[in-house]
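Thanks for coming, everyone. Please take a look at the sequence and the model on the screen before I start.

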Amino acid sequence: MLTFILKKIGVIIPTFLGVTLIAFTFIRLLPGDPVLLLAGERGMSEERHARMMAEFGFDKPIIVQYGTYLNNLLHGDFGTSIVTKQPVLEEFATLFPATMELSLCAILFAVIVGLPAGMIAAVRRGSPFDHTVMASALTGYSMPIFWWGLLLIILFSGILGWTPVSGRISLMYFFEPVTGFMLIDSLLSGQPGAFVSAVKHLILPTIVLGTIPLAVIARQTRSAMLEVLGEDYIRTARAKGLSPSRVIGLHALRNAMIPVITVIGLQVGVLFAGAILTETIFSWPGIGKWMVDSIFRRDYTSVQGGLLLIAAIIMVVNLVVDLLYGLINPRIRHTE
Amino acid sequence: MADAVYDQQLDAREGGRLALLKEFWSYFCENRGAVIGLAFFIAIVIVAVFADFFAPHLPNHQYRDAFLKPPFWQHGGSLTFPLGTDAVGRDILSRLIHGARYSLFIGCVVVSVALSVGVILGLIAGFFRGRVDTVIMRLMDIILAFPSLLLALVLVAILGPSLINAMIAIAIVQQPHYVRLTRAAVMGEMNKDYVTAARVIGVRKLRLMFVTILPNCMAPLIVQAALSFSTAILDAAALGFLGMGAQPPTPEWGTMLAEAREFILRAWWVVTFPGCAILLTVLAINMMGDGLRDALDPKLKRS
């Protein structure tokens, strides 16, 4: 197991170095003078320009610049935002719980709905239920989620007036963030109605962000289940006279779960991409909206830092999924 | 004499190909959804090609006396503007019809660029292995470490927002999938007898790669091409929606949605129809893709 872990980590390190290289070159590839871009000024005097060049380190050889950049990263310095003059890591850390809360709710929603739907569809293969699930899953998979979000807003906020249009909680409530998770903080605040308000704000974004993972999970569960149901040991279990619910719930489900878990792990990247759109539509103050805003504000140091941090998170999650997968399934661990 | 034998073989192969195509078609037709998807897709292609003929109005013409007209079945709507008009009095149906051109164009360009670059890199990696392989695959891992839409956004920020740059960005983001697929397929074929035979005869490397091996790796690539065609349309629309793709007044569906956003609670039709167009097109292509996969993937074929 240890060699397996080390091997996985050995692959991740060069990839991460490559990611830092991309984040590093990003600012240097932008059209225009990098000093003017980073200082956020126009028409700077010659002398000041030279001084700024030295300050940002652009006068040194590119290798040295990259070395300094890596060194700063190792010391937790991801740069300073051009617009707010705050450390990028700090801004990221304050916004991250919002994205995390939304993503967790979305994946939970996707699993709670998608898993049973895929299972029942597989067990009742060819039934109208199966056809409905598969058609809905394909539709969900093809969904432009930015439009889906707008439609839900028209229906639930515009026509029915059930849910708010944007934000994380009603402006009526105010309390200091403890965990950064609005659901928990609103409960801790003890203000009546705060929790309900947080839940109401969360419902639509959760559905929108969870739609594609839901579709993928339902499809994957169904096909994994179908494959397992055709195996000999299932026939044996049935022949032994075990009840159908026991055969399906215990024997089949356990083995069908392995590919499904991998798929759930792979959704992290999808969730981040989806968060960019979902957060923009619902003005959700998370990482996705922050990245889009930073691009539009030409806050390139924030974009650079955000890019790196998001890639790092995805890589770590993928590593954890890989390791878990190896833990559950010894066959993976011992190949090669 | 030798020529005659060769011709005979060629004939046999032609017949074989036809039979193969027939077999493929019968498997494809087993999936009713795939046939519906294909029919719908062909319809979209026809509409896009003859957009000038089908569209009742010019896509960018502003009718000053018809702002935000509802579709014809609602009170206040008329058949002059079947699906209503937008905030500056442009006919939505005509814009949607012309928008089909952009979406199909985006899909075609992205898939051809990503496919050709990805296949070449994948072939090189799978054929030569060793250090070249490691370098190429690490590069692809790096691209895959970013969420695709985010990387595309950042690339567009570097290149400047426009439709062409959005297509380049999406193609770059998509090609690692082709590289991985091609490499895996090539590695599977490398140890087979026909490749060894070709090597022994002394077939040159380039010919071996592109003529001997590549045609046998096509099945997964075709399926991937269909899937990435629809992803390309979705991603381009998303970039357009974020203001980083095609720029107004281009009648691209995502850009139309972005322009319509502020009217969502006043005029549902400006928001609803462009999204429907995206969803139906992507859905049709994905249905087709599922059919292609069932028909081409021998592992799933008879299950």
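One definition before we go in: helices here are DSSP runs of H or I with at least four residues, numbered from the N terminus. And keep in mind that this is a predicted model.

Now, a loop in chain B. Find α5 (130-144) and α6 (148-159) of chain B; Phe146(B) sits in the loop between them. Is Phe146(B) buried or exposed? It is buried, because 26 other C-beta atoms lie within 10 Å, and 20 or more is the cut-off. What does Phe146(B) touch? Leaving out residues up to four places away in sequence, Phe146(B) touches Leu307(A), Ala311(A) and Leu151(B). As for Pro248(B), it is 102 residues from Phe146(B) along the chain, and their C-alpha atoms are 28 Å apart.

That brings us to the contact of the two chains. How many residues does the contact take from each chain? Chain A gives 36 residues and chain B gives 33 residues. On the chain A side, several helices supply at least two residues each, among them α1 (2-29), α11 (244-281) and α13 (300-328). Also on that list are α6 (128-141), α7 (145-159) and α12 (287-296) of chain A. What is that side made of? The chain A residues that touch chain B are 29 nonpolar, 7 polar and no charged.

Next, a helix pair in chain B. In general, two packed helices are described by the angle between their axes and the distance between the axes. Take α10 (residues 218-241) and α11 (residues 253-260) of chain B: their axes come within 7 Å and cross at roughly 30°. Angles under 35 degrees count as roughly parallel, so α10(B) and α11(B) are roughly parallel to each other. The crossing of α10(B) past α11(B) is right-handed. Who meets whom? From α10(B) come Ala236(B), Ala237(B), Ala238(B), Leu239(B), Gly240(B) and Phe241(B); from α11(B) come Trp253(B), Gly254(B), Thr255(B), Leu257(B) and Ala258(B). This contact splits into 8 nonpolar, 3 polar and no charged residues.

Last stop: chain A, helix α8 (residues 182-189). Which residues of α8 are buried? Met182(A), Asp185(A) and Ser186(A) are. Why do they share a side of α8(A)? Because they cover an arc of only 100° around the axis. What do the buried residues pack against? They pack against α5 (88-123) and α9 (194-229) of chain A. After α8(A) comes Gly190(A), with a positive phi near 75°.

That's my tour.

Methods
Residues are numbered from 1 along each chain as its sequence is written. Chains are lettered from A and ligands numbered from 1 in the order in which they are written. This is a predicted model: local features need pLDDT of at least 70, side-chain atom pairs count only at pLDDT 80 or more; totals for chains, interfaces and linings use all residues. A residue is buried if 20 or more other C-beta atoms lie within 10 Å of its own, exposed if 12 or fewer, and partly exposed in between; C-beta atoms are placed from the backbone. The arc is that of the directions from the helix axis to the C-beta atoms. Two residues are in contact if their C-beta atoms, placed from the backbone, lie within 7 Å. Axes are lines fitted to C-alpha atoms, for helices over the stretch in contact, and angles run from 0 to 180 degrees between N-to-C directions. Angles under 35 degrees count as roughly parallel, over 145 as roughly antiparallel, 65 to 115 as roughly perpendicular and the rest as oblique. A crossing is left-handed if the near helix is turned anticlockwise from the far one by less than a right angle, and right-handed if clockwise. Ala, Val, Leu, Ile, Met, Phe, Trp, Tyr, Cys and Pro count as nonpolar, Asp, Glu, Lys and Arg as charged, and the others, Gly among them, as polar.
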